[in-house]
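Here are a few notes to read alongside the model.

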Amino acid sequence: EEFGPLDLDLPAAGLLSNAVDMAKYMNFQLQLGKLLNGSELVPWEQMYETHKPLTTIGERGALNKGKPKWPMSSTTTAYGMGWRIGNYNGYKRLDHKGLAKGFSSQITLFPDVQAGIFTSVSGPSSAGQTPGFVNEIVHHLAADILLGERHWLQMDNVCTYPAPWQLPRSRNDTTENNGKDRPSNLQDPSKGAPLSETFLRNKNDFVGNYFSRAVGNFTITLNQSEDKLRVSYGLIGRGVIVPTVKSHIVYLRHTDAVAGLGDLPLAIDNATGPVNWVAFPPLPKSNPLVFFRDVESYDPPEPLWDCPSE
């Protein structure tokens with residue numbers, strides 16, 4: 001079950017490939033639409049448009065690395081048509097990474113030197129865990145070889161990456177810096193709360209259909225046989241609700257094809273009776289993503305994220 005089959009009719013995680021075909025695909029991208037025999041399949045002007053920045057990527061999503069904290073420079077500044085755009089030690093870089101149940105893959109292109117790297121690692125795929133780090137390590141090492149750069153990953157640190165430059169932290173952790181900088185009575189749902197074995201609210205209060213104009217339906221059901229609150233949203237969003245020590249904060253633990261998203265905190269209305277809304281935490285300078293119960297249209301309410309304390 002852990003490595004069950006994926007649906008192959010979806011735009012995400014819907015293609016199967018291999019190293020030989022991916023090498024051809026990278027060459028097709030680097031040659032801006034030309035096949036190995038030199039014939040043009042897609043006009044280069046159209047291919048070049050897919051490599052151009054369309055929207056900026058904020059610091060939180062970029063995961064930038066730079067001196068003096070890191071011994072090299074790796075930045076991402078924009079997103080094109082399926083490509084993250086940035087640079088590695090001054091060289092323009094296009095890359096994309098992703099994961100699904102059982103696999104974590106990454107592709108990197110350096111157009112100015114006509115070089116490309118593709119890796120796919122099998123194994124449990126969870127954000128911030130081993131498969132993704134293995135891809136990053138291989139891409140850093142291969143990039144140094146292709147670009148003629150000095151290796152900054154050595155035998156004494158390759159197995160600890162991203163430490164010592166950055167301490168890794170799982171999305172499932174509810175502590176930072178071993179708990180030194182995080183109070184135990186968190187009130188901000190975006191930072192989560194300690195997990196609990198039991199719900200402070202009746203599980204049936206969660207059951208129902210919720211709606212967001214931006215995303216669509218978010219459905220919570222109670223699986224009687226396993227006594228778990230199951231969640232489905234969008235085409236492939238799946239997970240279970242996990243309780244915390246706060247009645248207005250729970251976690252959505254992603255499962256199946258989106259297990260790599262890990263645990264995300266959810267805010268719920270701090271009331272009794274059926275839950276009226278659930279909300280994902282906001283990104284910097286943005287609003288939370290709120291799903292309202294049993295409605296298909298609504299007028300935006302007052303900000304809901306400043307939840308009352310216990």
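This is a predicted model: local features need pLDDT of at least 70, side-chain atom pairs count only at pLDDT 80 or more; totals for chains, interfaces and linings use all residues.

1. Lys97 sits in strand β4 (residues 91-100) and Glu136 in helix α4 (residues 130-147), so the pair links distant parts of the chain, 39 residues apart. Glu136 is buried because its relative accessibility is 13%, under the 20% limit, whereas Lys97 is partly exposed at 36%.

2. Asp269 and Arg201 form another salt bridge, their closest N and O atoms lying 3.8 Å apart. Here 68 residues separate the partners: Asp269 is in the loop between β12 (263-268) and β13 (277-280), Arg201 in the loop between α4 and β7. Asp269 is buried at 7%, and Arg201 is buried at 9%.

3. Do have a look at Asp95 and Arg93, whose side chains meet in a salt bridge at 3.9 Å, N to O. Asp95 is buried at 4%, as is Arg93 at 8%. Together with Arg84, Arg93 and Asp95 belong to a network of salt bridges. The count of salt bridges comes to nine.

4. Now the barrel: eight strands close it in the order β7-β8-β9-β10-β11-β12-β13-β14, with antiparallel pairing. On average, neighbouring strands of this sheet are turned by 30° against each other, direction ignored. Between β7 (residues 208-212) and β8 (residues 216-223) there are five bridges; Phe211 has Asn217 in β8 as its bridge partner.

Conventions. Residues are numbered from 1 along each chain as its sequence is written. Side-chain values use heavy atoms; hydrogens and water are left out. Two strands pair if DSSP finds at least two bridges between them. Helices (H or I, at least four residues) and strands (E, at least two) are DSSP runs, numbered from the N terminus. Axes are lines fitted to C-alpha atoms, for helices over the stretch in contact, and angles run from 0 to 180 degrees between N-to-C directions. A salt bridge is a side-chain nitrogen of Lys or Arg within 4 Å of a carboxyl oxygen of Asp or Glu. Buried means under 20% relative accessible area, exposed over 50%, partly exposed in between (1.4 Å probe, protein chains only).
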